[in-house]
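We will go from the whole chain down to a single side chain, one selection at a time.

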Amino acid sequence: MGAFGWPHLLIILAVILLLFGAAKLPALAKSLGQSARVFKGEMKAMKNEDASDATEPGAPTPTASVADTTVTARDTDPGQPPRSA
């Protein structure tokens with residue numbers, strides 16, 4: 001059957017019950033379910049976004065220009081007075 005059988009799973013379940021307590025298990029299960037639902041929704045949104053990007057061949061792709069990445073002394077030191085042009 002593999003590394004884990006029914007007796008092993010029952011022991012693991014008993015340890016989980018002892019660690020978390022029976023009162024916290026429903027909240028833990030609800031939190032786990034919500035997290036799985038959010039993850040599934042995000043994955044579906046990413047797949048839809050990728051599919052829509054692939055179907056729009058004329059869509060512009062974002063590119064960075066040299067002017068966008070130029071750093072001046074005024075950008076790095078806010079105490080500097082503005083340069084005159």
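Colour by secondary structure and read along the sequence: the protein chain follows the pattern α-α-α-α. That amounts to 4 helices and 0 strands. Keep in mind that you are looking at a predicted model.

How much of the chain is buried? Buried residues make up 1% of its 85 residues.

Now select residues 6-20, which form helix 1. Step just past the end of helix 1 to Gly21, where phi is positive, at about 85°.

For the next stop, select Phe4, Trp6, Leu9, Ile11, Ile12, Val15, Ile16, Leu19, Phe20 and Leu28, and show their side chains. Together they make a nonpolar surface patch of about 1,000 Å². Which element gives this patch its largest share? That is helix 1, with 8 residues.

Finally, zoom in on one member of the patch, Leu9, which sits in helix 1. Is Leu9 buried, partly exposed or exposed? Its relative accessibility is 43%. Since buried means under 20% and exposed means over 50%, Leu9 counts as partly exposed.

Note on methods
Residues numbered from 1 in each chain as written. Predicted model: local features only at pLDDT ≥ 70, side-chain atom pairs only at ≥ 80, totals over all residues. Heavy atoms only, no water. Helix = DSSP H or I, 4+ residues; strand = E, 2+ residues; numbered from the N terminus. Expected span 1.5 Å × (residues − 1). Patch = residues over 30% accessible without salt bridge, like charges linked within 9 Å, V, L, I, M, F, W, Y side chains within 5 Å. Areas by Shrake-Rupley, 256 points an atom, 1.4 Å probe, with all protein chains shown as cover. Salt bridge = Lys/Arg side-chain N within 4 Å of Asp/Glu carboxyl O. Buried < 20%, exposed > 50% of the residue type's maximum accessible area, 1.4 Å probe, protein only.
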